[in-house]
Amino acid sequence: MNQTEPDFWVLEYVTITKDARTGLAIAIGGTEKAADILQRTGGFLSAPGPRGDYHRLPHGLPVERQRLKATTASHALLAAGHSVHLDPALNMLVIPDGDREAALRYLARLTEQVAAAETSSQVAEVLTEVAAPVHGLLPLTREVIVRAWIAASDLQGSRPGEEPEPIARLGGTADSLSEAARVILRARAPQPPTTAPAPGRVQSPVSRRR
């Protein structure tokens, strides 16, 4: 007995997810009815894409507002009979992960963002997040190491310059991170090629005397 493939109404499927490169909450797929629900219940906006229109939440929307609007829209779509995949990162009903998991997701997003970069400015954006003064990843990591260095020295009862070697090396590690941040910030934009000055005629001492 030959079995035929079932008919799936693919256009009814809607995916609501967070784009790794732009950080936007976007909705892909669905019919005009689904688009109307996304706009009315979630505040999604229609935007042209390379493969047709899609929907997204407004730029600059705080993360919690993104999660609330995406969750509200997904439940309205489900109630209307649509099949919906909602990214767990946008699901208000999912118990949030701990700080460590959130940090790992953030690093993974930066990796995906730089891997998908098509211009030097997009690479520079990622490097800025890594090395930006005060709030960059490297300066924040340096702050942790400096505080660990101070705390470990205090617990050992050591004076500055008299710490055991492993603790003393923490200070050097902090300095290395500062230098790494400076190097990365300088590398954000491609440096213009240095051109040697055009060769000119050099007069001999004899010619100058004449």
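User: Which residue of strand 4 stands opposite Ala 27?

Analyst: This is a predicted model, in which local features need pLDDT of at least 70 and side-chain atom pairs count only at pLDDT 80 or more, while totals for chains, interfaces and linings use all residues. Residues are numbered from 1 along each chain as its sequence is written, and side-chain values use heavy atoms, with hydrogens and water left out. Strand 2 (residues 25–29) and strand 4 (residues 54–56) pair in the antiparallel sense over two bridges, where two strands pair if DSSP finds at least two bridges between them. In strand 4, Arg 56 is the bridge partner of Ile 26, and the residue opposite Ala 27 is His 55.

User: In what order do the elements of the chain run from the N terminus on?

Analyst: Helices (H or I, at least four residues) and strands (E, at least two) are DSSP runs, numbered from the N terminus. The chain has seven helices and five strands. From the N terminus on, the elements run β-β-α-β-β-α-β-α-α-α-α-α.

User: What is the order of the strands in the open sheet?

Analyst: The open sheet has five strands and mixed pairing. Its edge strands, each pairing on one side only, are strand 3 (45–47) and strand 5 (83–86). From one strand to the next, the twist averages 25°. The order of the strands is 3-4-2-1-5.

User: Which residue in strand 2 is the bridge partner of Thr 15?

Analyst: Strands 1 and 2 form a hairpin with six residues between them, and Gly 23 in the turn has a positive phi of about 80°. The two strands run antiparallel and are joined by five bridges. Ile 16 has Ala 27 as its bridge partner in strand 2, and the partner of Thr 15 there is Ile 28.

User: Which residue in strand 5 does Thr 15 stand opposite?

Analyst: Strands of a sheet pair through backbone hydrogen bonds, either parallel or antiparallel. Strand 1 pairs with strand 5 in the parallel sense, over four bridges. In strand 5, the residue opposite Thr 15 is His 85.

User: What angle does the direction of helix 1 make with that of strand 4?

Analyst: Helix 1 (residues 32–42) packs on the sheet, touching strand 1 (13–18), strand 2, strand 3 and strand 4. Axes are lines fitted to C-alpha atoms, for helices over the stretch in contact, and angles run from 0 to 180 degrees between N-to-C directions. The direction of helix 1 makes with that of strand 4 an angle of about 10°.

User: How far apart in space are Thr 72 and Thr 41, C-alpha to C-alpha?

Analyst: Thr 72 belongs to helix 2 (residues 63–79). In sequence, Thr 72 and Thr 41 are 31 residues apart. In space, their C-alpha to C-alpha distance is 6.6 Å.

User: How are helix 4 and helix 5 oriented to each other, and why?

Analyst: Helix 4 (residues 120–131) and helix 5 (residues 137–156) pack with their axes 3 Å apart, at an angle of about 15°. Angles under 35 degrees count as roughly parallel, over 145 as roughly antiparallel, 65 to 115 as roughly perpendicular and the rest as oblique. Helix 4 and helix 5 are therefore roughly parallel.

User: Which residues of helix 5 do Glu 129, Val 130 and Ala 131 of helix 4 meet?

Analyst: Contact means heavy atoms within 4.5 Å. The three residues of helix 4 meet, in helix 5, Leu 137, Leu 138 and Pro 139.

User: Is Ser 153 buried or exposed?

Analyst: Ser 153 lies in helix 5 and, leaving aside its neighbours within four places in sequence, is in contact with Ser 158, Glu 163 and Ile 167. Buried means under 20% relative accessible area, exposed over 50% and partly exposed in between (1.4 Å probe, protein chains only). Because its relative accessibility is 8%, Ser 153 counts as buried.

User: Which residues are buried in helix 6?

Analyst: Helix 6 (residues 165–186) has 22 residues and reaches 32 Å from its first C-alpha to its last. What covers its buried residues includes helix 4 and helix 5. The buried residues of helix 6 are Ile 167, Gly 171, Ala 174, Leu 177, Ser 178 and Ala 181.

Terms used:
The expected span of a helix is 1.5 Å times one less than its number of residues.
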